[in-house]
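Subject: Structure handover

Hi,

Here is the structure I promised to pass on to you. Please open it alongside this email, and I'll walk you through what turned up.

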Amino acid sequence: MAGLLLMNCSMNAQQTNPLLQHESEITGIIKSMTLEEKVNMLHGKNMFSSAGVERLGIADIEYADGPFGIREEMEPHSWKGLGWETDRATFFPTGSALAATWSRDIAYQYGKAMAIEARLRGKDMILGPAMNIQRIPTGGRTYEYLSEDPILSGQLAIGYTLGAQDNDEAVCLKHFALNNQENMRGFVNVNVTERAMREIYLTPFEMAVKQGNAYGVMAAYNKVWGRWCSENDLLQNRILRIEWGFRGIIISDWGGTHSTVGAAIGGLDVEMPGNTYMGQALIDSVRSGAVPMEVIDAKVRNLLRVRMAITPVPKDKANKEVTSQPAQQQIAYQVASKSIVLLKNADNLLPIGKKVKTIAVIGDNATRKMAQGGVGAGVKALYEITPLEGLQTALKGKAKIIYAQGYEPQPRARRGQNANLDEWKKKAETMKAEAIEAARKADMVIFVGGDNREVETEGSDRTNMNLPFNQEELIEAIATVNPRLVTVMVAGAPVDLRRVNPATKALVYSWFNGSEGGHALADVLTGKVSPSGKLPFTLPVRLEDSPAYALGVFPQKAQAGSSDVFVDLVNRDNFRAEQKADADYSEGILVGYRWFTTKNVKPMYPFGYGLSYMPFSYSDPKAEVKGGNLEVSFKLTNAGKKEAEEVAQVYVARPDSKVERPKYELKGFERVSVKGGTTQDVTITIPMEQLRHWNEFQHAWNIEKGKAIIYIGTSSVDLPLTVEVEI
């Protein structure tokens, strides 16, 4: 039913655009407005709102920060919270966790749940989904973004968008475009081939605009081809509006506006959060003739389209009950439980057996909450079940749990102070000894480590993939006294597993998994739920194996004496004009798994990988071009005793292509539930449009005729079925 619902919504989105239902009325409104009233709509009124026109009964637009939970209520002109209790929201699993579900239907439910909570708070537009391609493993916002693959990212963004907008809440796709690093994001200039830009980095946005009818887009901080994204005519006017037919609003990232005339002519509709450039300066520019009135009217029209498509919530109706509600909490659980990835399970150590009577749970992340931390949007969660709490609930009366922290995060130096590292090191040795003793006494050890929200954070990229706080040494020491070791990585991005993988029998990726993350993890570890998540990115053996690092084009160095890292994260519009740096995307279209498969570089764990407790097998592949689509069918067998879900993946190769191609590319996928001991027929329909490539000579999309090899399987390297078809 959910799949049918999403399909119908997608069809409706293509047939009718709610943004175009009030054009005549909008024309009349614009004619009745003064220049001052028009311009007053084109910049921030408060930190998270832009003005309407009270005289005409047009409500303000209220923005909900955070793509994975509705941020707390803020003071009008600062980042400080108001200290309310009703704004405690559900913390949903972050972007990479949602992507690990590989499910459009789950993404739809995610967007719906976010919309319901945003409406309770009187919000009109969610600042999400965050959907930039995960280009580098160390990216500070990898946890927030969806995937390294444009088709997976785009399909999930469509689901999120439709789920939110079907429930009267606009989305704002971000960050448009090529915001693939945090270091120097405020001034870095991206140099990328036209083909790579179109095929890899813009495709998810195009899908969400065309198939999801997204109402909003946020301009990124960086430059592309020498022009700020917030005043980039190619991106905002020619591609987004003219080519893709976008009819909603383009807002700046906070502080990401750099000029008046450039931004106005370049396509930006709303400067956030202030009015430095699109306030009085814009009025003056119109009166001087530098900005035509037609440009202003077009921006106001875009805003009014969104305003009239979304029902405003009266201020006296908002914030009357606690934001987080049981129905949304259950959706958070469903996302979390279907996102968890089982990477390794030697000797079938998992699920936890009945003979296990004593379990040592070790690790700071077993008790650490991840709703907030670092820089950027967080969630003031109503509650967050930690891994330890989840296991204690699931194993109550079945097994004794011994907890040892094992390690703690290294203290950071505060301004004017030094971090007390000597004291931290002494404490670390004591914690290590306690953890080893706990492991020695247990039948099984569950180590819960990884990163936290201070390590993975907006505003800066990690310098490496190493596990922080000496976790590798602790894991190896634990394994020597108790080899029955399960390691759970709580992280939103790739980590280095070279020392962890051989030391542990079972390995699980559990993400920053939201309010219900602890319950979801416990249900997977105990076997109540069979793991079905798949990696949305490649886990490289070494950081240097990933393309941008292998080619030496990341990290870059800033020029003209500017800082390597953009530090001023609160006053985000304080960009120094002399700061310069180039990001050369020299890998072209070979991003993520495309690089690893094409260059024959073996990853630690490949894109799309994830084990199940049930044995699945694939058979009887067929493929045909039918009705403008490529239809791929096969049989999927669950030889186990219990029902379980598998994510089937379809990759396509074009061996006779006259242009550069990866070895193969993901073109379709489907999450399928199969009862134990049964075989299910599966058909995956791939629009022919997804087989296109960008012709850089014609500056247009082409679909090459000729042979296509279809690969079907369970990850980007485990593809047991092949079938050929003529395109």
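Let's start with a charged pair: R185 and E458 form a salt bridge, their closest N and O atoms being 2.9 Å apart. R185 sits in the loop between strand 5 (170-176) and strand 6 (188-191), and E458 in the loop between strand 14 (444-450) and helix 15 (471-481), so the pair ties together parts that are 273 residues apart in sequence. By salt bridge I mean a side-chain nitrogen of Lys or Arg within 4 Å of a carboxyl oxygen of Asp or Glu. Helices (H or I, at least four residues) and strands (E, at least two) are DSSP runs, numbered from the N terminus.

Before going on, two notes on the source. This is a predicted model, in which local features need pLDDT of at least 70 and side-chain atom pairs count only at pLDDT 80 or more, while totals for chains, interfaces and linings use all residues. Residues are numbered from 1 along each chain as its sequence is written, and side-chain values use heavy atoms, with hydrogens and water left out.

Are R185 and E458 buried or exposed? R185 is buried, at 0% relative accessibility, and E458 is buried too, with a relative accessible area of 6%. Here buried means under 20% relative accessible area, exposed means over 50%, and partly exposed is in between (1.4 Å probe, protein chains only). The pair also belongs to a network: salt bridges that share partners join R141, E144, K174, E182, R185 and E458.

How many salt bridges are there by this rule? The count comes to 45. Here are two others from the model.

E73 pairs with R121, again as a salt bridge, with 2.9 Å between the closest N and O atoms. Because E73 is in the loop between strand 3 (61-64) and helix 4 (95-100) and R121 is in the loop between helix 5 (104-120) and strand 4 (125-126), the pair ties together parts that are 48 residues apart in sequence. E73 is buried, with a relative accessible area of 11%, and R121 is buried at 3%.

E646 and K534 meet through their side chains in a salt bridge of 3.2 Å, N to O. E646 lies in strand 20 (residues 644-653) and K534 in the loop between helix 17 and helix 18, so this pair ties together parts that are 112 residues apart in sequence. E646 counts as buried at 4% relative accessibility, and K534 counts as buried at 1%.

The loop that holds K534 also holds K528, between helix 17 (517-525) and helix 18 (547-550). K528 counts as exposed, at 67% relative accessibility. Together with K354, K398 and K642, K528 forms a positive surface patch. Patches are made of residues with over 30% relative accessible area and no salt bridge, where like charges are joined within 9 Å and nonpolar side chains (Val, Leu, Ile, Met, Phe, Trp, Tyr) within 5 Å.

In helix 2 (residues 23-32), the buried residues are I26, I29 and I30. They cover an arc of only 100° around the axis, which puts them on the same side of helix 2; the arc is that of the directions from the helix axis to the C-beta atoms. S24 and K31 are exposed on the other side of helix 2.

The backbone has some details to look at as well:

- The peptide bond from F176 to A177 is cis, with omega near 5°, and A177 lies in the loop between strand 5 and strand 6.
- M272 and P273 are joined by a cis peptide bond with omega about 0°; P273 is in the loop between helix 9 (261-266) and helix 10 (280-288).
- W102 has a positive phi, near 50°, in a residue other than glycine. W102 lies in the loop between helix 4 and helix 5 and counts as buried at 1% relative accessibility.
- W225 has a positive phi too, near 55°. W225 lies in the loop between strand 8 (223-224) and strand 9 (227-228) and counts as partly exposed at 38% relative accessibility.

Finally, V291 is in the loop between helix 10 and helix 11 (293-309) and is buried, with a relative accessible area of 1%. V291 and K432 are 141 residues apart in sequence and 65 Å apart in space, C-alpha to C-alpha.

Note on methods
Accessible areas come from the Shrake-Rupley method with a 1.4 Å probe; for residues, only the protein chains shown count as cover. Lys and Arg count as positive and Asp and Glu as negative; His and the chain ends are not counted. The place of a charge is taken as NZ of Lys, CZ of Arg, CG of Asp or CD of Glu.
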